Number of protein chains: 2
Amino acid sequence: MLLLPIDRSAPEPLHRQICDGVARLIDDARLEPGARLPPTRRFADSLAVHRSTVIRAYRELRALGYLESRPGSYSTVRQRYRPPGTRLSVPRSASLVHWTAKARLVRATPWQLEQAPEAQGNIIDFARHAPDPALAPDEYLRRCVKRVLAGPDRYALSRYADPQGLLALREAISRRMAAHGVAVTPDEILVTNGAQHAFDLVLRLLVRPGDEVLAEAPTYGMLLALFRLHGVVPKFIPVQDDGMDLDVLQRTLARHRPSLLFTMPNFHNPTGITTSQAHREALLACCEAHRLPIVEDGFDEELKYSGPAVLPIKSIEARGIVIYVGTLSKLAFPGLRIGWIAAPREAIARLVGVHRVSSLGGDVLAQAVAAHFYAGSHFDTHLRRVHRVYQRRRQAMLAGLDEHLPARVLWTRPDGGYTLWLSVPGAKGRESVLRDRLERAGVRVAPGREFFAHPHPIPHFRLSIACVDEAHIAEGCRRLGQVLR
Amino acid sequence: MLLLPIDRSAPEPLHRQICDGVARLIDDARLEPGARLPPTRRFADSLAVHRSTVIRAYRELRALGYLESRPGSYSTVRQRYRPPGTRLSVPRSASLVHWTAKARLVRATPWQLEQAPEAQGNIIDFARHAPDPALAPDEYLRRCVKRVLAGPDRYALSRYADPQGLLALREAISRRMAAHGVAVTPDEILVTNGAQHAFDLVLRLLVRPGDEVLAEAPTYGMLLALFRLHGVVPKFIPVQDDGMDLDVLQRTLARHRPSLLFTMPNFHNPTGITTSQAHREALLACCEAHRLPIVEDGFDEELKYSGPAVLPIKSIEARGIVIYVGTLSKLAFPGLRIGWIAAPREAIARLVGVHRVSSLGGDVLAQAVAAHFYAGSHFDTHLRRVHRVYQRRRQAMLAGLDEHLPARVLWTRPDGGYTLWLSVPGAKGRESVLRDRLERAGVRVAPGREFFAHPHPIPHFRLSIACVDEAHIAEGCRRLGQVLR
């Protein structure tokens, strides 16, 4: 007669309790190999459970290797091999490996925020920094997919991708880059699973733990997380009205030998600042003088909807020190992971090596669809539509802030992208307190601390118009004014 | 008058030569800021080129920031900012950064081989280790994609993916794992971009450069490349008829403290060996005793087409030390990058962190399509068809080898997967020489050196039936016999 403790109020299902109980008896050698288990019906009766519950428990025990049985016969305890001297003393439920202790440090990052669903209830969401699903060219995507599956690309799905990326997509990207003044051949392009993956590959190739890298302060929060993952030491150059402070950069380079410099010259995240052509040339000259590779993050290259076009740093360089990173994520479908690196051929060749060894290659379906998307005539139509909508939203945002915020609050006036940056000097309350008050007032913002490695004494907030329409922008500004006045 | 050397026989297009020539004159200060360039027509005449060639060169020079021009006016040399003391002395054509020297070591890997197109001309390709495109369920895939784009999943494309992977796919994988005796909830699964990406994430989380890891000898060549990328030190355990030599393993563990053990219990690549249930239990017990995490590579779990089913190591463990890696690549579409990790919840939580920071998340389209593919009723039909075809190919291969190869050549007789392993003791000639002779005889094989970190004295070859039909298998065996007899 087998006696097992069964707890009908426990959250664990009964069959799992029976399975665990029998396994423990076998582990503790109270049931020996070869021992017969009671027939399912009798065991079910003795435990006052349904027979199917016992049948299910026995099935799991067989799958776990505890029992064996022949059709129409008893279940018996299986002989499980153990080398001599390996008797285990830990409780069965605990893992033998302390995973958290073994793991390298991976800190919590502000990902949840990006993932937050749009306006829940009455919340106006200025935190979300991903293109508006309402503007997603769903129908166009469907057509692209159809074309991929009807054409020769579908055979490409039956092979591993070229780890450098589908040639048709690299050609489309090369043409798109040319439209922004950058002359790169498909050979000088590597397709990645989005921009973050591109940064990761660059860091894997070019830095070692303990290396120094230069970045803007404030900067994109996930870049800070990536620096931590790679164990590199960021040195921060403050962002001013025209981008990175070049005097601070010069002074830093006089004392340090960083491996890379990261910059977002267009609609910088979080401030929304776009640097001038003169600033770009000065930054380039300075990095050339120190032979310091520049990682140019062009995530919002396509999102200029007013003001003069300024060419990427990559377009004015002639000495092969700029690693340009582009992405499709901020333009249409963040779920379609397509980004790229445009860089000197020797750098690309090595980056392809890292990509190949770390994942064999990218997803052929996504790359083929993106190639059609970029190369098709509908792309420009989509771009014009997006520009029109966001230009209006931007105007609504600036008008709303002008109307509702007091004079001591400062903000940037970007010519493109999704974000602008609010500074609240002399605020009543700390940043986190203000943020909670804003949330309670029905307006969600991204707090400045997500973009600084070290706390900033003045409260800052990033406001994104990515997923808020004009009417809600006006109302959101009114709520901001209520709390920040 | 501007004089430029133009070389009509050079591979560089004329407009590029003109662009480079003018840029060099500006860089060398022989053209000063503000200087006027000749009008395009006059310049074209003086160089004896078409005017459009000069127009194109000027456009590039403007994009590069060398020239400026107003409509209807001359082009003039632009003032380019340079901080004092940053005059450059390197030739313009050379990159300022020595990328190859800066790069971390990424060695060439046998990827080209996997990519080799099937039988070119008269070559019978036993080297290719990817599912046969002729068996790809194209029509079923098309239906899955259609369903994704018609259903609610298409909205998911407008968001960044959950970095753990689409819930619907994790649920489908969890059910599939249950069919193989593994009880894991969707919480204990992380979707990756294929198996190689899964290994990479595991190594990123759990090892540091210089750590030791245990692997089989021979083993999957790309795993060796991944070890090099991570700077870990592999210790090899020889594979015998029933898998890893457990005595060698015990002795190694008495002297070393490795961080991980990698094993392929099913249709081991390259040997095709499947270990017994008893071997799996012994290996598990040994690793439990040393609290050594096991990475179980189940890449061919679905490809058992004869013999008894043996359950994964993950299915018999109860103490949370097994990290199971699965993949869709060997089953249907290698270009659709879908793999997964099934592991204890605490390990998964950290792995999700690494995945999120290194690429934000996976591709939603591929994941949604894979979820439909796995969960649909057609999946089993596809699996049965694949089994039927490969079982016949395997029989043809074994019959062909029995007929054509001399007795001193040895080979494995796998019950599934794509590969078998040939040992040629006492061969006339080294492995590379034999391989070249085989290639000349019209049969391509994967040489043993791809699977060993250190050269093996006996020539070995991996033969794959993945993409060769029965008639060609018979002919391929005849050719093998001609060379190896």
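The tour begins with conventions and then moves through the selections in turn.

This is a predicted model, in which local features need pLDDT of at least 70, side-chain atom pairs count only at pLDDT 80 or more, and totals for chains, interfaces and linings use all residues. Residues are numbered from 1 along each chain as its sequence is written, while chains are lettered from A and ligands numbered from 1 in the order in which they are written.

Select chain A. Its C-alpha trace spans about 85 × 55 × 55 Å along the principal axes. The radius of gyration of chain A is 29 Å, whereas a compact globule of 485 residues would have one near 23 Å (taken over C-alpha atoms; the globule rule is 2.2 Å times the number of residues to the power 0.38).

Next, colour chain A by domain: the assignment gives domain 1 (14–86), domain 2 (119–134 + 381–484) and domain 3 (153–376), with bounds from an automatic or database domain assignment. The centres of domain 1 and domain 3 of chain A, taken over C-alpha atoms, are separated by 57 Å.

Now select residues 138–150 in chains A and B, helix H6 of each (helices are DSSP runs of H or I, at least four residues, numbered from the N terminus). The two axes come within 11 Å and cross at roughly 180 degrees (lines fitted to C-alpha atoms over the stretch in contact, with angles from 0 to 180 degrees between N-to-C directions). H6(A) and H6(B) are therefore roughly antiparallel (over 145 degrees). Finally, show Arg142(A), Val145(A) and Leu149(A) with Arg142(B), Val145(B) and Leu149(B), which make the contact (C-beta atoms, placed from the backbone, within 7 Å).

Technical notes:
Helix = DSSP H or I, 4+ residues; strand = E, 2+ residues; numbered from the N terminus. Parallel < 35°, antiparallel > 145°, perpendicular 65-115°, else oblique. Contact = placed C-beta atoms within 7 Å.
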